[in-house]
Every structure is written in structure tokens, then in C-alpha cells.
Number of protein chains: 2
Amino acid sequence: MAIFFTPGPAQLYPTFEKHLKTFVDQSLGSISHRSQTYRDLHAFTVSQLRQLLHIPDTHAVLFLGSASEAWERILLSTVKERSFHLVNGSFSKKFYQYALAAGKNPAKLEKAAGEGFDAAEISLPEGTELLCITHNETSTGVQVPVETIHRLKKMNPGTMIAVDMVSSAPYAALDYSLVDTAFFSVQKAFGLPAGLGVWIVGEQCLDKALHLKNEEKLMIGAHHDLPTLWKNAEKNETPATPNVMLIYLLGKIAEDMNRYGIERLRRDTEEKAGLLYQFAENTAGFAPFVREESARSQTVAVLNTDQASSEIIGRLKEKGLVVGSGYGEFKNNQIRIANFPATDRAQIEQLISELANK
Amino acid sequence: MAIFFTPGPAQLYPTFEKHLKTFVDQSLGSISHRSQTYRDLHAFTVSQLRQLLHIPDTHAVLFLGSASEAWERILLSTVKERSFHLVNGSFSKKFYQYALAAGKNPAKLEKAAGEGFDAAEISLPEGTELLCITHNETSTGVQVPVETIHRLKKMNPGTMIAVDMVSSAPYAALDYSLVDTAFFSVQKAFGLPAGLGVWIVGEQCLDKALHLKNEEKLMIGAHHDLPTLWKNAEKNETPATPNVMLIYLLGKIAEDMNRYGIERLRRDTEEKAGLLYQFAENTAGFAPFVREESARSQTVAVLNTDQASSEIIGRLKEKGLVVGSGYGEFKNNQIRIANFPATDRAQIEQLISELANK
């Protein structure tokens, strides 16, 4: 079977099939979402995620249909009229565009594709309510180091910070005393099929949502509005019928990751990323797209290719190795390689050896 | 293994496991949602649903996270300030409450639980933009006959009509020349795990959404707004990474249903419902909750019980038969029995025989 190094949907986690079989064998697809069986399942997944990502009790762990849904819900819940966005690729730009569509008068600092951000260069306009940061820009392979994110919060304590870690959780070691809200989806580094977004959200966001609704009389959403999600989460339930299958599978895979150890998993990630960038730097015909080393993504490596990327992709495919093309304008002269926990060091080495084998 | 007669999540469709195995074996959980493989899969599901539900080309078939999400998206897309709701139970009431939360000044005609609606008694306030009808009220087992829905549109041609058929699709034989938009979720009569909503929506709704956005400058949503969903659907894609697994499974089960024949499936449903209501009418200790025969749901039968329903539910459970309790205030003196295609006549007869065997 092919190995997927695509940046989402991606290779499924090695234990996915085993857990799926348990889900089916136990008829979990038919249980009531208002039953104790469901509440226990829900609580298990939340507790495994809390352990894995070090999420404190000040923050709720909520389930949405996708991470894109989180963009909207965060903007509706925490912003009256002023969000600010660090934009350096397609997905950070989409967060900004969602703010435009939601009527939140967003401002932005935009960098060229492939460039990172420095905390020192970012000064927020007076009254900025929310700063939106994409920890890992899946389109260009640029990462904002977590230290930069934490420093930005310390520099701007009165502004809430939202972190898109769609393609970097659980690698992103965020300190939730400095991050008001963050979110990811499961089809990236958790190695699951798509269809579930996870929204980590602090009490201060809930307070703001209630203020916007009750004092400012703003529409904060009818479906999946934060106060209703929060109230249900306190009972280990969801407002609507949840995606029980993916919530169950996410809990089991988070448990597997906890058993393996998050520090070890993060170290593995960095080692595998190191191999990929080293290869690209030392091999004619390839180069890391992101020049600044500290801005290089550890979870999605984007490489420039001299040869048309479609030819490389086709050649790898014959060997059962699937990598992603460049995104948008870079489609034909870049490849994107997901470096998620579902692919191990030996598989990354196999990929590198085939890439080298021109 | 237990048989689930619960009204959602419900018994999984008999072919669910087979199709799930194919999904896993073909690595469909890892394919790109911007690939031709995905577009073909998406197109297949849409075409099977069009055939099954007789959906014309004037209407798009869109995918959401749940039917509850459809409530919100319909209200944001089609209503400036005036929706009207037929309320006769918890789910029709939620549609109304979503309209309140979305700031759409909803009006309603509310009936006591267990009562149906007559087209003649419904007169809409001047300027009503959207009439919201719950075809099958899952909480109370009341059905609004499709003839009533069609008549209401003919009586009010200037008002759009939205039909919640969450727990009645594909049984509900709607005429989409008279229904502007309708929606359902897959964990009811399609026998799938929860996590996917299907939104059927006509061109006139798209026109209205564009009018509200461009002329009225209203916020029609940033995530899953109708114009963006529509544009992507024309390419057999979705704006965000879709729930490929459930979209695939839905297409395969719709295909199975098409092979069986929708007319035959609807006839089966009515025959099985007839057996359940006949039993309740003729057996001491039971009675159909809905008195008026034409208002009795064909897909979710709600029965009053003299005995505490928890005792009946417990007794059935020992036999491997799972039925639902009453909803809300009726929890202890009603049972709810899903009559979906996943449970056949023999299984309904087995349930009836155990119910009778006090």
C-alpha cells in the first residue's frame, strides 16, 4: 500500500484500523449521544488531549466540523471590530478573509511567501482585540516559533491570541497561560480521515463572547456558539449529534501518542525534519523553500525543485510514495512533504533515498 | 449484537461494514480533497442522492457538519428579518431558537406536543421570507404530510420553504419544484455514524444570499456561506477539507437504496410503521402518542406506555433490542421506536413480539 507524505489528508496513523475495528465491533456508531457511554467516551478523548497538549482546566476542549469552522467561531466569539492577522500564505490569508466576511474590520501584516515573523517587528494597532497567528503555514512550510507566539502575548497582554495549529498539533508546544485559543483538525498530524476540528478555548474567550452577545447585542452564532458549546462540554456532551467515530478515534490515537511520549514524539519530528532539510540543502536540484532556518516548518517541509515537481511526484508514486505538490502559484516547482507522526524515520529515509535516486 | 431501534444515532445500515472496509482498503482516508479521485467520489454521492430523492438540477446538494449547521446556514442565507416556524416539539423549536439567536425576528405557530398542522390554519404574516417546517418531529413522532408542505408553498408562492427532514429522508417524497431547501443528517435513516449533514438548496436561495450579502450588506457567514459552498460544489469539491469517509459511505448506501428501489423502500417503511401502530392500538398498556392518524410519523413511532418506559427499555435491552426513551418531559412514559430502512420487517416483528411479551 502507498505511503502518504501529503500534508493533509495524510497517512493514517498506524493504529487507525485497529481502533476503527473496535469502534465497529462495539456498535459505538449507534450509541446515544446523551448516554453515559458517550459521555465517558467524550471525557476520555478530552482527557487524553489535555495530557498530550498540556491543556489546563482554564481552557475547554470543544469539537467542531473542521478547523475552518473554528476560524469563524473564534472571530464571532472574541471580536467586536478589530482583529489583526499575521499573513504569510494561503491559510493565514483565509483566516483574514473570514474576518472580512464576518465584518470584523481586520488588519494584517503580510509577508512574502516563505518568510517568517519576528516579534519585534509586530506592533498592533490600538484596540486590537484578537491577534491571529498561523503556527504552521501549510501552504508554504513556514513556522512561527512558539517562543515568538509567547513573546507576542507578553508584549500585548490586553490582546487575545488565537493560534492556528492545524498542521502542527501535537508538535506545537504551546503554553496555554499565554494562548487564549488554538485549534487543529484531525486529518493532519493525528493521522485520521477528515471531518473533525478541535477547538481549545480559554475562559476569557467565553467571557468575551457573553459580553458581545449580552452587552453589545452582537450575533455570535446560532449553531456552535461558544456559550452553548461550553455548557455542553461541561457535561461531556455536544449541542448537536457529534461525530462520535472521529472523537473516539482521536482519543485512542492521543492515548497511543501519550504512551509513546509527547517529548519523544516532538524529538522524532525534529530529527525527521532535519533529515529532509539536510537532504534538500545537500542535493543538487533541491533546496528548502524557507531560507531562514528558525522559520522552517518541522511538520510540513516545502522544497524547491529544479525539475518539474509533477515529474518527481509521478516518479515517487510509482514507488508507492505520495508527496504533495506546491500550493497555488508554486504548484509546479515545489513539493510539500508532510512530516507527521504516522510516518516514521525509516519511511522518511526511504523517501529521501528515492528522491535522491534521479 | 444488539439491534438499535433508537431514533438517531440508530442501527447502522447492513452494508455499512462492507463499504467501510472498501474505504480503508482503498486508502480513501488519505486522498487529497483537490484530486480527481475525490471529485469523482463526491460526484458519485451527489448523483446517487439526486436519483434517490429526485433532486432536480435547480438544487445543489451540499455537505455540512450536521443538520443543525443547516439551520443556521439557511437562516443566514435566506432571511433578512422575517422567518416563520411551525413548532410542535423540541427540534422544530430549536430551528425557531436558532432564528432568534441569528437575529431574524422569527414568528411561530406552536402546537401542543403530539399535534400536527393543517395547511388551512396557517396564515403567514405579510413579508414572511422563509417558512420553516419540520417534516418529522423526532421528539414527538409527528409528521407533516408532504402534501401539506406542497400546499403551503402553493398558498404562499412568495415565501421560501425550508424542510427539516432529518429523521425522514429518504422517506419524505418532497417535490423540489415546491421546496426551496431541505436538509437531513446521516445518522438517522441512512444508517451511518453521525458527523455529516446534507443540505439541498435551490437557486433562489443562492440569489437571496447574494442579495443579502451584496445589497443588504448582511453577514451571511464566513465559513460554509452559501455562495462559497455552491461555487465549490460546481467543481464537486467543498470549501474546507470534507468528511470524505461519510460522504463516500453515504454515496454507497444511497446506491444500495437505489438498487432496492425508493418506492419499495417507502412502501416497506409504511408497512412496518403500520405494524407498530396497530400493535400499540390493540395492546393494553400501549397507545400511539399521536392521535390523528395522518400526523403519525412513519419513521419514528412514539408510543405511550402505562408501565414506566425505563422498565420496558431495560427488559428489551436484555433481549438485545434497543429502543429510545421519550423525549424531555415524556422521558418516563413514552418509548420512541425508529423505523428506518436499516431494520427490516422481521426485526420490527421481533420487537413487537418482545414488547407484547410482558
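Colleague: At what angle do the axes of H1(A) and helix H8 of chain A cross, and within what distance do they come?

Modeller: First, a word on the source. This is a predicted model, where local features need pLDDT of at least 70, side-chain atom pairs count only at pLDDT 80 or more, and totals for chains, interfaces and linings use all residues. Residues are numbered from 1 along each chain as its sequence is written, and chains are lettered from A and ligands numbered from 1 in the order in which they are written.

Now the helix pair. The axes of H1(A) and H8(A), residues 244-260, cross at roughly 130 degrees and come within 10 Å. Axes here are lines fitted to C-alpha atoms, for helices over the stretch in contact, and angles run from 0 to 180 degrees between N-to-C directions. Helices (H or I, at least four residues) and strands (E, at least two) are DSSP runs, numbered from the N terminus. That angle makes H1(A) oblique to H8(A). Angles under 35 degrees count as roughly parallel, over 145 as roughly antiparallel, 65 to 115 as roughly perpendicular and the rest as oblique. The crossing of H1(A) and H8(A) is right-handed. A crossing is right-handed if the near helix is turned clockwise from the far one by less than a right angle, and left-handed if anticlockwise.

Which residues make the contact? H1(A) brings Phe16(A), His19(A), Leu20(A) and Phe23(A). H8(A) brings Met245(A), Tyr248(A), Leu249(A), Lys252(A) and Ile253(A). Two residues are in contact if their C-beta atoms, placed from the backbone, lie within 7 Å. By class, this contact has seven nonpolar, one polar and one charged residues. Ala, Val, Leu, Ile, Met, Phe, Trp, Tyr, Cys and Pro count as nonpolar, Asp, Glu, Lys and Arg as charged, and the others, Gly among them, as polar.

The axes of H6(B), residues 203-214, and H7(B), residues 226-233, come within 9 Å and cross at roughly 135 degrees. H6(B) and H7(B) are therefore oblique to each other. From H6(B) come Cys205(B), Leu206(B), Ala209(B) and Leu210(B); from H7(B) come Leu226(B), Pro227(B) and Trp230(B). The contact of H6(B) with H7(B) holds seven nonpolar residues, no polar and no charged.

Next, the two chains together. Chain B superposes on chain A by a rotation of 180 degrees with 0.0 Å of shift along the axis, at an RMSD of 0.0 Å. That is the relation of a two-fold axis. The superposition is by least squares on the C-alpha atoms of residues with pLDDT of at least 70 in both copies. In chain B, Gly65(B) comes closest to the rotation axis, its C-alpha at 2.5 Å. The same surface serves both copies, with 100% of the contact residues of chain B recurring in chain A.

The contact takes 45 residues from each of chain B and chain A. H1, H3 (67-78), H4 (90-101) and H8 (244-260) of chain B each supply at least two residues of its side. H3(B) gives the most, with five residues. The side of chain B has 23 nonpolar, 18 polar and four charged residues.

Last, a backbone detail. The peptide bond from Gly8(A) to Pro9(A) is cis, with omega near -10 degrees. Pro9(A) sits in the loop between strand E1 (3-5) and helix H1 (16-25) of chain A.
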